Amino acid sequence: MLKFLRKYNTYILVVGGCLLMVAFLLQGVLSDLSKRGLFGGTAFKIGSKKVTQEEFGLSAREYGAVTLVIDSAGIFSGRAGVAALGGGENAEHWYLLTREAELAGLVGGPHDGDDYLEEISREMAQRISRDSTQVETYRVFIRLRMDSAMDTAMGQAHLTPDQLKGAFAKLRGAVRLQNAYMGSARYSARRLASVARSKEDAVAIDYFLVPADRELTGIPDPDEAAIKAHYEKFKETPRGSGDFGIGYKLPPRIKLEWLELNRQLIADAVTVDGVEVEKRFLALYPNGQVPDGKTVEGEHSRIETDVRKELADKILKTADLVIRGELDRPLRKLDRDGDYVKLPADWATVKPDFNRIRDAVSARLLDQYKIVIPAPRVTTRAANWIEQGEIRNLEGIGAAYAKRGQSTRMADAIFFGVREIADPASAEPGFQVGVPFPEAIDNAAGNKYYFTILDARKESPPDSMEDVRPEIVKNIKRLAAYEKLKLAEPGLKNLAVTQGLDAIAKVPAGSSEIPLGVRPNTISRRQAAVGMDAGSQALDTPVFREGVLAATASLDPMADLTKLDPALTTFSMPLDKALSICVYRAKKILPLTAEKFRTNQNSLAFQASRDEFGSDPNDNPFSFEEMKQRLGVTDPDGRSLKSDKDKKDAAKQ
């Protein structure tokens with residue numbers, strides 16, 4: 001042995017030294033890989049407890065699978081749906097909520113998760129339809145959609161059926177945990193009755209909103225200085241908000257261009273080969289005899305329709321391939337920036353041109369199928385901004401959609417998922433301004449739409465004061481008219497007392513005001529009865545509701561108010577946000593009765609609890625930020641834990 005060591009000592013020293021050096025160099029690398037989870041590692045810490053990558057990975061897969069199943073119902077997008085149910089805003093939040101629920105003993109087994117799927121489908125059905133006779137139909141439909149998505153969810157998340165149902169059991173446990181907190185307040189019957197009365201006592205009224213526009217006569221146009229001052233004051237106020245409902249800050253908006261491939265126009269252009277129709281007829285009926293109840297002419301017509309549909313589908317597919325090829329060709333030469341492309345300075349001159357593509361489609365169909373169809377229609381909406389609420393009004397494309405697994409995403413959501421204005425949760429991957437959307441969207445008629453977002457703006461003031469100058473002038477004059485109207489308030493109230501509300505509702509001679517008439521409403525401290533009209537919505541403010549209850553507090557709830565002196569039951573109040581004076585007459589006091597209290601005691605207690613705990617998400621002990629702080633959650637290095645969304649936002653900055 002000694003002879004061997006002496007003979008090969010040089011080799012042994014060299015090899016041993018190399019091994020020591022490799023071990024030294026790998027130490028840091030292995031440590032880093034461990035932190036990143038490639039060899040076990042720590043995902044994050046909860047206090048001193050380390051959450052392994054393996055443990056968090058399973059939880060994240062559960063969250064992803066639950067998200068996909070919820071998304072398949074088509075009621076709301078997956079993450080938003082999970083968050084609405086109480087499952088957290090991201091995978092890290094999901095882990096914290098379900099862990100706390102398990103520690104509290106609130107999580108059942110797979111059977112409990114299966115039961116909860118039934119409960120979720122019923123809750124979604126009730127959101128869709130207020131008609132109780134239709135709820136069960138919707139529930140069955142939603143449950144079928146979710147069940148059909150289960151296999152896909154299990155495959156993508158690598159979960160067994162019991163694991164996926166167990167994930168829904170965890171979701172139910174998280175919901176139980178939060179409901180237990182919300183239901184922790186306890187009320188004696190006396191205290192609950194007192195709280196309920198303060199919320200539920202109500203007054204039935206008839207009312208009329210006298211608009212400031214009635215006083216516009218004689219109001220001069222503002223000068224330039226006044227216009228500029230007014231714009232500067234309200235340009236950062238969102239439209240419809242602020243003290244007077246005046247604002248010029250616009251919501252997110254886009255400019256859009258699209259090409260329509262119209263299926264019906266293609267079908268109408270198809271010439272059906274009579275020989276093919278006859279061949280199919282004879283294949284079905286070799287002896288030329290059709291069954292009772294059918295006719296030869298009817299069967300020929302049906303077969304012709306089928307052939308026309310098949311040809312139209314084939315031609316539509318060819319046109320789709322031509323369009324996709326033309327859209328994709330300029331993009332192949334561009335450099336990538338993650339999911340997006342880097343647009344060159346001359347992109348405006350080399351980008352896909354829908355008009356040229358339209359002509360290419362017509363030429364290809366003429367050459368291949370010998371048919372002439374009206375050229376696909378190209379529409380450009382670049383002169384004015386389009387807001388999300390206006391998308392549904394766009395002909396054809398406004399009702400288009402794209403399939404997302406088992407769910408459907410409508411055109412307005414897709415358009416406003418463009419990178420420049422979308423938040424990460426609703427963004428369409430790889431979709432950016434100036435680049436055609438990578439797939440066609442369809443509508444119920446079978447048409448296909450290819451589109452490009454030409455420009456996009458987040459919520460912001462108008463590009464220029466000139467864009468809203470007419471609106472500014474009108475609002476300045478309306479504010480001046482409102483001040484005049486407030487001076488006339490006592491006279492309006494007196495007119496209503498002496499001649500009734502109909503007298504003030506009468507449209508003045510020569511006015512362009514739309515006659516609305518006197519309307520009813522029911523006012524409590526908690527709410528006013530709100531319809532779609534702006535008038536009833538204007539009443540649903542805390543100031544007005546409190547004002548009505550205070551003004552009518554001295555009226556006898558047992559009295560017939562319609563027989564009292566109108567001077568005792570008629571009131572008025574300025575409504576700044578509506579730029580109107582509300583003149584109203586109390587018809588009936590509606591106190592919380594003992595019977596109503598007993599019948600609705602559970603819901604009244606729930607409402608009282610919600611009011612006591614408040615609705616501010618910043619005060620929610622189960623929000624992601626609150627849980628991180630309360631539980632001492634950090635990343636493996638002891639720093640504040642950031643979600644994937646936080647990391648993406650930081651990367652953008």
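Modeller: A charge sits over a ring if NZ of Lys or CZ of Arg is within 6 Å of the ring centre and within 35 degrees of the ring normal. This is a predicted model, in which local features need pLDDT of at least 70 and side-chain atom pairs count only at pLDDT 80 or more, while totals for chains, interfaces and linings use all residues. Residues are numbered from 1 along each chain as its sequence is written, and side-chain values use heavy atoms, with hydrogens and water left out.

Colleague: What makes you place the charged end of Lys255 over the ring of Trp385?

Modeller: The charged end of Lys255 is 4.6 Å from the ring centre of Trp385, against the limit of within 6 Å. Arg253 also lies over the face of Trp385, at 5.4 Å from the ring centre.

Colleague: Why is the pair of Tyr231 and Tyr248 called tilted?

Modeller: Rings of Phe, Tyr and Trp (its six-membered ring) pair if their centres lie within 6.5 Å; planes under 30 degrees apart are stacked, over 60 edge-to-face, and the rest tilted. The structure holds 12 such aromatic pairs. The centres of Tyr231 and Tyr248 are 6.1 Å apart and the planes are at 40°, so the pair is tilted. Tyr231 is in helix 10 and Tyr248 in the loop between helix 10 and strand 4 (253-261), 17 residues apart. Helices (H or I, at least four residues) and strands (E, at least two) are DSSP runs, numbered from the N terminus.

Colleague: How do you know whether Tyr231 is buried or exposed?

Modeller: Buried means under 20% relative accessible area, exposed over 50%, and partly exposed in between (1.4 Å probe, protein chains only). Tyr231 has 7%, so it is buried. Tyr248, at 1%, is also buried.

Colleague: Which kind of pair do Phe431 and Phe437 make, and why?

Modeller: With centres 4.8 Å apart and planes at 75°, Phe431 and Phe437 are edge-to-face.

Colleague: What makes strand 3 and strand 12 a pair?

Modeller: Two strands pair if DSSP finds at least two bridges between them. Strand 3 and strand 12 have 6 bridges, in the antiparallel sense, and Tyr207 stands opposite Arg519 in strand 12.

Colleague: Where do these strands stand in the sheet?

Modeller: The open sheet has 4 strands in the order 12-3-14-13, with antiparallel pairing. Strand 12 (519-524) and strand 13 are called edge strands, as each pairs on one side only.
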